[in-house]
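Dear colleague,

I am passing on a structure that you have not worked with before. Please look it over first, and then read the notes below it.

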Amino acid sequence: MIDAKALLDALRERIGLGVIAVSGSGLDVVLTVEQASARGALELLKAEGFNVLADMTCVDYLGYGADARPVPPSHPHRIPRWPSAPRPPQRFKLVYRLLQLDAADGLLGGRLTLDAWVRDLKGQRSVRDLWPNADWLEREVWDMFGVGFSDRPDIKRILMYEEFEGHPLRKDYPIGKRQPLIGREEAPAQPAPTDPRPLG
Amino acid sequence: MLPGVLTTRLDAAVGWARKYSIFQYPFVTACCGMEFMSAACGHYDIDRFGAGFPRFSPRQADVLMVVGTVSHKIAPVLRRIYEQMPRPKWVVAFGVCTCTGGFYDNYATVQGIDTVIPVDLYIPGCPPRPETVLQGLVMLQHKIQAQGYRP
């Protein structure tokens, strides 16, 4: 069980007012922090026994919320809107999913989600030194969303090829845009089959 | 006519020999591979049609079976494999992803391998049942037979 109150107190002591919100309790806690405080909060969580980084990803909130940013008129595809949702403070949100696993008996101590709103697209600090698997996860976040890391200036794509331009999971990546390395973009029109020989 | 002698045309004889001794190169990238294994193993037994001998070197193969989704990243590899095969050679697009991209109408997936290499036979299905595969193989054999001696 996570003692959310004690954790929150420790966090406030560590990173001050960087904690925006906390919700959930018991086995499943969600923390929202300022981007500048995220690294400090994650260091503290690692020290609190969150020894597994189960996942790290990103969300693009373009076009989301009551008064969403207008989509440029040049954009070829309509972006769906959820006008009833509250407007997110930033376009991108980084999500860290942490587990507290007891190495002795393998029991789950708790799950914690840390959300950090991305104010500066290259301002997030890497957590490779805390959880080594963050290396590939951060590369995936860079590849898919174009959210970089301040101490990884030469970060490489992990899934797409180096010639690929843009970040395909961004909401404003044109849904029909193809960047083939070789060959044509679409198949040519097929001629009618010429050998209608019956089978057998 | 001498006893024990059969006359034929060179075209027909070569086509007949080629269509019943297909050495296939399985280029397996995704879930269709399961159905390919099913078609290749004893229950459906692709060996009954003379195509039961997979070669894992393209230099020894004459039918390239492209089985599963092909991404833009792997497409240059696929073309290299195809170019390494000696003539005569044929290409089978196995499953809807190789035919058209299937439901992977997205940034990552080749929208049909015929944008990258020439294709002789399209086998639709997600995945195709082994019966579909075997029917496709018979159609490919007709094509090989009709092609005759041409390289």
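At roughly what angle do the axes of helix 1 and helix 5 of chain B cross? The axes of helix 1 (residues 10-19) and helix 5 (residues 130-147) of chain B come within 7 Å and cross at roughly 150°, which makes helix 1 of chain B roughly antiparallel to helix 5 of chain B. Axes here are lines fitted to C-alpha atoms, for helices over the stretch in contact, and angles run from 0 to 180 degrees between N-to-C directions; angles under 35 degrees count as roughly parallel, over 145 as roughly antiparallel, 65 to 115 as roughly perpendicular and the rest as oblique. Helices (H or I, at least four residues) and strands (E, at least two) are DSSP runs, numbered from the N terminus.

In this pair, Gly15(B), Trp16(B), Arg18(B) and Lys19(B) of helix 1 of chain B meet Gln141(B), Ile144(B), Gln145(B) and Gln147(B) of helix 5 of chain B, where contact requires C-beta atoms, placed from the backbone, to lie within 7 Å.

Before going further, please note that this is a predicted model, in which local features need pLDDT of at least 70, side-chain atom pairs count only at pLDDT 80 or more, and totals for chains, interfaces and linings use all residues. Residues are numbered from 1 along each chain as its sequence is written, while chains are lettered from A and ligands numbered from 1 in the order in which they are written. The mean pLDDT (the predictor's confidence in each residue, from 0 to 100) of chain B is 90, and 98% of its residues reach 70 or more; for the complex, the predictor gives an ipTM of 0.77 and a pTM of 0.82.

Between the chains, 19 residues of chain B are in contact with 15 residues of chain A. On the chain B side, helix 3 (75-84) and helix 5 are the elements that give two or more residues, and helix 5 of chain B gives the most, with six residues.

Chain A has three helices and five strands, and along the sequence they follow the pattern α-β-β-α-β-β-β-α. Helix 1 (residues 4-15) and helix 2 (residues 35-47) of chain A pack at an angle of about 135°, with their axes 10 Å apart, and are therefore oblique to each other. That contact is made by Ala10(A), Leu11(A), Arg14(A) and Ile15(A) of helix 1 of chain A and by Ser37(A), Gly40(A), Ala41(A) and Leu44(A) of helix 2 of chain A.

With best wishes

Terms used
Contact = placed C-beta atoms within 7 Å.
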